[in-house]
Amino acid sequence: MMRLRRPPDMRALAGVATVAALVGVVALVFSSFRGDFNQGLPVTVLSPRAGLVLNVDAKVKLHGVQIGRITAINSRPDGQAAIKLSLNESHIHLVPANVLVEIASPTAFGAKSVELIDPKQPSPQRIASGQVIEAHHVMVEINTLFQQLNTLLDHIAPDKLNETLSALGSAFSGRGHQIGKTIDEFDAFLATTEQALPALSRDLAAAVDVFTTYADAADDLITSVDHATGISESIIDEQNNLDAILLSTIGLAQAGTLVLSQNRQPLADVLDLLVPTTALTNEYNAALNCQVTAMAYMSNWEPLRIPAAEVIAGLTAGQERYRYPGDLPKVAAKGGPHCEDLPVPFLGRPRWVVADTGSNPWKYGNQDILVNSDGFKQWLFGPIDGPPRNTAQIGQPG
């Protein structure tokens with residue numbers, strides 16, 4: 001029985017194909033892991049500078065998790081850096097349209113990455129393809145600090161720096177205890193002040209409105225200051241007269257002190273005697289005010305053509321006759337203060353005030369003279385059937 005053997009060249013070809021397939025699988029897995037087959041969502045970030053150690057394929061993170069990578073870093077004519085990002089489409093729903101961007105690194109010498117930060121009020125819209133975002137912060141590199149420090153040291157004279165450090169050393173020498181005590185007292189002061197920080201924050205917030213009010217009133221304040229300057233100048237010009245007034249006031253005060261000290265008890269007695277009078281005046285203040293108002297009104301009238309008094313009189317119907325002793329006037333009657341529309345207008349009359357002063361013309365309901373219309377008709381036309389009628393009987397039967 002014969003066995004067929006494969007040619008040696010076929011074995012080598014199969015081995016090469018196997019190795020190539022393994023290499024292809026590894027390359028495919030690596031490319032897939034890097035995201036070479038995922039085009040992603042293109043976004044551009046504009047930054048004042050890209051900074052050091054920010055390279056292509058650097059990470060784009062949201063909340064510390066990578067959601068994309070940097071595809072390109074270009075310089076613009078205005079000096080800004082245009083950083084092209086590619087975001088994973090599976091994470092787009094997590095990124096708001098008003099997202100903030102920072103370029104930072106975990107350490108001072110570490111590689112930088114693009115950090116996406118949610119704003120305080122995230123937009124309901126999501127980030128879109130081709131959107132341009134402004135970077136609001138770029139981390140300062142250590143070389144920038146060295147450069148600024150080097151620039152500072154270039155402007156410092158070594159001898160002056162040595163003298164300054166020597167003076168500081170001499171000033172602090174032997175005073176460590178005092179400095180420590182000062183620091184402890186300052187720490188206690190800060191601890192006490194910390195309790196008032198909320199009130200200070202409220203005051204600072206309200207200070208804006210206060211300063212705005214002062215700004216609005218600045219013109220008036222300046223005008224007041226100008227007027228105050230004029231007043232002060234007037235006082236300076238009249239200082240001699242002012243001194244004379246002050247001296248006269250001092251003399252009057254001394255004389256008044258002497259008068260009041262000698263007549264203190266008589267003045268107190270006079271004031272005590274005036275209490276009933278002032279109380280009665282206060283009780284009748286409405287009537288007195290009404291009378292003074294009427295007198296002031298009448299003082300503006302034109303004078304009479306001849307010195308005289310004008311009296312308007314008329315005849316009225318008779319009322320109930322005087323009766324004793326009910327109509328006797330009362331002494332110290334209690335009618336109370338009244339003010340009935342003084343001054344009385346032309347062809348007008350004030351209301352009748354019924355007070356406890358003695359006579360009351362309406363105590364019987366007297367309506368003055370009543371005309372007997374029935375008797376007047378009988379006098380004209382003779383006797384009329386039915387009972388006599390008068391005005392008060394109209395509407396009654398008969």
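In which sense do β3 and strand β4 pair, and over how many bridges? I took that as my opening entry. The model is a predicted one.

**Entry: β3 and β4.** I looked up the pairing of β3 with strand β4, residues 81-87. The sense is antiparallel, and I noted seven bridges. For one facing pair I picked I70, which stands opposite L85 in β4. Then I went to the hairpin that joins β3 and β4. Five residues lie between the strands there. In that hairpin, G79 takes a positive phi near 95°.

**Entry: β2 and β3.** Strand β2 covers residues 59-62 and strand β3 covers residues 65-75. I found them paired in the antiparallel sense over four bridges. V60 stands opposite G68 in β3. The hairpin of β2 and β3 has two residues between the strands. H63 in this hairpin has a positive phi, near 60°.

**Entry: β2 and β6.** As a reminder to myself, strands of a sheet pair through backbone hydrogen bonds, in either the parallel or the antiparallel sense.

**Entry: the barrel.** Seven strands close into a barrel, and the pairing is mixed. I read the order as β1-β4-β3-β2-β6-β5-β7. Neighbouring strands of this sheet are turned against each other by 35° on average, direction ignored.

**Entry: helix α3.** I checked the length of helix α3, residues 158-172. Its 15 residues, at 1.5 Å a residue, should span 21 Å. The expected span counts one less than the number of residues. Just after α3, I found G174 with a positive phi of about 75°.

**Entry: the whole chain.** I closed with totals. The protein chain holds ten helices and seven strands. How much of the chain counts as buried? I got 14% of its 398 residues, with under 20% relative accessible area as the cut-off. The accessible surface comes to about 32,200 Å². Carbon and sulfur atoms account for 62% of that surface. Last, I looked at contacts between residues at least 6 apart in sequence. Of these, 61% join residues at least 24 apart.

Definitions and conventions. Residues are numbered from 1 along each chain as its sequence is written. This is a predicted model: local features need pLDDT of at least 70, side-chain atom pairs count only at pLDDT 80 or more; totals for chains, interfaces and linings use all residues. Side-chain values use heavy atoms; hydrogens and water are left out. Two strands pair if DSSP finds at least two bridges between them. Buried means under 20% relative accessible area, exposed over 50%, partly exposed in between (1.4 Å probe, protein chains only). Contact means heavy atoms within 4.5 Å. Accessible areas come from the Shrake-Rupley method with a 1.4 Å probe; for residues, only the protein chains shown count as cover. Axes are lines fitted to C-alpha atoms, for helices over the stretch in contact, and angles run from 0 to 180 degrees between N-to-C directions.
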